[in-house]
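Please look at the sequence and the model first, and then read the points below.

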Amino acid sequence: MTPTITAFERSPDRGRGLARDMRVRWALEEVGQPYDVRLVSFGEMTQPAHLALHPFGQIPTFEAGDLVLFESGAIVLHLAERHDGLLPKDGNARARAIAWMFAALNTVEPPIVEREQAPYVEGDRPWHKERQPLLEGRIRERLGQLASRLGDADWLDGAFSAGDLMMVMVLRRTDGMALLEDFPTLAAYVARGEARPAYRRAFAAQHEVFAASAPAGNRP
């Protein structure tokens, strides 16, 4: 059965592969699972049909038969548990890979998203500029801890896993913040993820949607 995922009809990331459907696309490509994509507009995301799939009106969603999932982490974990290639066979290593998935989403991503959203939600407040060093300091603390743990290894815990997939995608959200350049081992880690053939296929598929919807003058 070919699953269907939802993605932005016009992604606000301007084709940079930062939208969360990219995580699911990459996982599907890694495990060799064909999939369909249903594009939704921002207006459609607030309608009952989409809210029945995602109660918070976001993307991505995942539909396969009578199974409907939302939340990119849950979808990637579902795929990793049912296909070879994203979780180790060894039980302990498997548990650690899942722990890294949670770490990416619960520990590393929140301060990055807070900094990313700050200009939009509080940019007109008088204290906004003074708060930026605090927000970036929180990210740098997490990046430093992650870099120390990664060391000179290629991946977080042995072979590439769903934990690395989620962590690379989370770190990519620092794009434009000039933060990873201070952590060369993490920059190299992200580059290794981006070099994987499955990632490149997923990125090309997502970017194609943006390129088809954007006027030529607005393409990156």
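A residue is called buried when its relative accessible area is under 20%, exposed when that area is over 50%, and partly exposed in between. With that cut-off, 8 of the 11 residues of helix α3 are buried, so α3 is largely enclosed by the rest of the structure. The model described here is a predicted one.

**Overall architecture**

- The protein contains 8 helices and 4 strands.
- Read from the N terminus, the order of these elements is β-α-β-α-β-β-α-α-α-α-α-α. The radius of gyration is 18 Å, close to the 17 Å that the globule rule gives for 220 residues, so the protein is as compact as a globular protein of that length.
- Along its principal axes, the C-alpha trace extends over about 50 × 45 × 35 Å.
- Among contacts between residues at least 6 apart in sequence, 68% join residues that are at least 24 apart.

**Surface and charge**

- Buried residues account for 46% of the 220 residues.

- Which residues of α3 are buried? They are Ser72, Gly73, Ile75, Val76, Leu77, His78, Leu79 and Ala80.
- Ala74 also lies in helix α3. At 37% relative accessibility, Ala74 falls between the cut-offs of 20% and 50% and therefore counts as partly exposed.
- The C-alpha atoms of Ala74 and Trp26 are 14 Å apart in space, and the two residues are 48 apart in sequence.
- Helix α1 is mostly covered, with 11 of its 11 residues buried. Among them are the charged residues Asp21, Arg23, Arg25, Glu29 and Glu30, and the buried residues of α1 also include Trp26 and Leu28.
- Gly32 follows α1 and has a positive phi, near 75 degrees.

- In soluble globular proteins, nonpolar side chains tend to be buried together.
- The largest nonpolar core in this model has 51 residues, and Trp26 and Met167 have the most contacts inside it. The elements that contribute two or more residues to this core are α1, α3, α4 (91–122), α5 (128–150), α6 (162–171), α7 (184–195) and α8 (197–213).
- Which residues does Met167 touch, when those up to four places away in sequence are not counted? Met167 touches Trp100, Ala103, Ala104, Val108, Leu146, Leu156 and Tyr189.
- A second, separate core has 5 residues, including Phe8, Ala19, Val40 and Met45.

**Backbone features in the loops**

- Most residues other than glycine have a negative phi, and most peptide bonds are trans.
- A cis peptide bond joins Ile59 and Pro60, with omega at about 5 degrees. Pro60 is found in the loop between α2 (48–51) and β3 (61–64).
- Arg14 is a residue other than glycine with a positive phi, near 55 degrees. Arg14 is placed in the loop between β1 (4–8) and α1 (21–31), and its relative accessibility of 39% makes it partly exposed.
- Glu71 is likewise a residue other than glycine with a positive phi, near 80 degrees. The loop that holds Glu71 runs between β4 (67–70) and α3 (72–82). Glu71 is partly exposed, with a relative accessible area of 38%.

**Exposed positions and their distances**

- Is Asp152 buried or exposed? Asp152 has a relative accessibility of 77%, which is over 50%, and so it counts as exposed.
- Asp152 is located in the loop between α5 and α6. Its C-alpha atom is separated by 9.5 Å from that of Tyr189, and the two residues are 37 apart along the chain.
- Pro184 belongs to helix α7. The relative accessible area of Pro184 is 59%, so this residue is exposed.
- Pro184 and Ala147 are 37 residues apart in sequence, and their C-alpha atoms are 8.7 Å apart in space.

Definitions and conventions. Residues numbered from 1 in each chain as written. Predicted model: local features only at pLDDT ≥ 70, side-chain atom pairs only at ≥ 80, totals over all residues. Heavy atoms only, no water. Buried < 20%, exposed > 50% of the residue type's maximum accessible area, 1.4 Å probe, protein only. Rg over C-alpha atoms; globule rule 2.2 N^0.38 Å. Contact = heavy atoms within 4.5 Å. Core = buried A, V, L, I, M, F, W, Y, C linked by side-chain atoms within 4.5 Å.
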